[in-house]
Amino acid sequence: MAKQLAYFKGGIVPLEEANINIMCHGFNYGTGCFEGIRAYWNPEQEELFVLFLEEHYKRMFKSAKILFMEVPHSLDELVTITMDLVKACEYRQDIYIRPTLYKEDPIVGVRLHNLKDAFHIYVAPMGEYVDTARGLKCGVSSWRRIDDTMIPARAKVIGGYINSALAKTEAYHRGFDEAIFLNADGHVCEGSAENVFIVRENTLVTPGLYDNILEGVTRRAIMELAERELGLETECRPIDRTELMVADEMMLCGTGAQIAWVSSVDSRLVGDGKEGPITRKIRSLYYDAVRGNLPQYSHWVKPVYGTRRGAAPAGSAAVSPA
Ligand code: PMP
């Protein structure tokens with residue numbers, strides 16, 4: 001039986017003891033940033049693999065910089081703390097890890113300066129976030145993505161997720177599975193919690209970093225897989241809304257969503273409405289790699305228990321230099 005634990009105020013505690021004050025600044029104003037990290041259970045290897053741990057924390061350092069916040073640990077310490085927490089929870093299933101850095105002071109007043117920061121991590125079981133086996137029906141949202149001049153989307157800011165929540169709920173009320181944002185320029189941006197790829201004439205295309213997207217870790221992984229395994233370079237360029245309608249294939253990707261194929265956009269089938277060959281190949285490689293089944297991608301994952309690797313403690317196994 002797994003244990004529900006959290007890293008809170010510098011130590012590992014039972015989840016029910018990890019509580020914040022209702023006057024906490026981060027809760028009242030959304031002043032904080034977070035990461036979402038997955039770990040995959042591999043039943044054959046009896047091992048839990050944490051995916052892209054350092055990459056997520058590197059992004060948290062960038063979010064923190066934008067928000068005038070200090071992550072209270074080095075990258076190595078964060079890796080050790082997270083691996084130790086996950087190991088202590090004893091999960092033998094797929095899980096989600098949520099580190100959050102936020103303004104802690106119980107103070108009324110909107111600002112980022114002269115406020116104390118706090119950091120915690122919780123861990124929870126997680127299955128599918130969206131149904132990745134079935135094609136997703138997507139609708140272009142009437143909500144535009146927050147612009148870099150408003151709330152920077154490249155920072156994973158707590159308060160910014162109201163933008164995503166409005167679009168996701170609108171999509172739900174319209175009978176779609178997921179929303180696609182356009183940015184302020186009217187170009188395709190991303191989903192409510194996923195980056196977007198399309199395939200046109202055997203070319204993989206995704207919006208660029210200047211398009212107000214979150215700089216997705218899974219997005220980079222797909223680009224790596226496409227190049228190394230399929231010999232496909234990704235074109236990063238502005239995408240028009242109607243290009244989604246005439247694309248041969250389309251997929252959404254993110255830590256939570258993983259890789260989901262899209263069957264229709266705005267009630268038009270994508271391609272013939274079936275999963276396309278490039279998406280299928282990338283999806284299958286990704287699902288093998290994240291569960292630790294592809295040796296050439298072992299650098300993506302960190303084993304928690306070390307069952308087959310001499311059972312080193314989780315934290316020390318994690319801080320390997322490469
Ligand atoms: N865009 C948004 C708005 C997201 O919330 C996420 C999920 N973190 C993504 C894209 C995908 O990012 P990643 O692959 O790093 O999880």
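Me: Which strands are included in what covers the buried residues of α4?
Reply: This is a predicted model, to start with. The cover over the buried residues of α4 includes β8 (136-144) and β9 (178-182).

Me: Which residues of α4 are buried?
Reply: Asn 163, Ser 164, Ala 167, Glu 170 and Ala 171. They span an arc of only 135° around the axis, so they sit on the same side of α4.

Me: Why would that spacing put residues on one side?
Reply: An α-helix has 3.6 residues a turn, so residues three or four places apart point the same way.

Me: And what is exposed on the other side of α4?
Reply: Ile 162, Tyr 172 and His 173 are exposed there.

Me: How many residues does α4 have, and what is its reach?
Reply: Helix α4 runs over residues 161-173, which is 13 residues. From first C-alpha to last it reaches 18 Å, close to the 18 Å expected at 1.5 Å a residue.

Me: What follows α4?
Reply: Gly 175 does, with a positive phi near 90°.

Me: Switching topic. Where is Asp 266?
Reply: Asp 266 is in the loop between β15 (258-265) and β16 (268-269).

Me: Buried or exposed, that Asp 266?
Reply: Buried. Asp 266 has 12% relative accessibility, and the cut-off for buried is under 20%, so Asp 266 counts as buried.

Me: Which side chain makes a polar contact with the side chain of Asp 266?
Reply: That of Arg 241, at 2.9 Å.

Me: And what backbone nitrogen does the Asp 266 side chain reach?
Reply: The one of Val 140, at 2.9 Å.

Me: What else is Asp 266 in contact with, leaving aside neighbours within four places in sequence?
Reply: The contacts of Asp 266 also include Cys 138, Gly 139, Phe 176 and Met 245.

Me: Are Cys 189 and Cys 253 buried or exposed?
Reply: Cys 189 is at 1% relative accessibility, so it counts as buried. Cys 253 is also at 1%, so Cys 253 counts as buried.

Technical notes
Residues are numbered from 1 along each chain as its sequence is written. This is a predicted model: local features need pLDDT of at least 70, side-chain atom pairs count only at pLDDT 80 or more; totals for chains, interfaces and linings use all residues. Side-chain values use heavy atoms; hydrogens and water are left out. Helices (H or I, at least four residues) and strands (E, at least two) are DSSP runs, numbered from the N terminus. Buried means under 20% relative accessible area, exposed over 50%, partly exposed in between (1.4 Å probe, protein chains only). A polar contact is a pair of N or O atoms within 3.5 Å; within protein, one must be able to donate a hydrogen and the other to accept it, and residues adjacent in sequence count only if both atoms are side-chain atoms. Contact means heavy atoms within 4.5 Å. The expected span of a helix is 1.5 Å times one less than its number of residues. The arc is that of the directions from the helix axis to the C-beta atoms.
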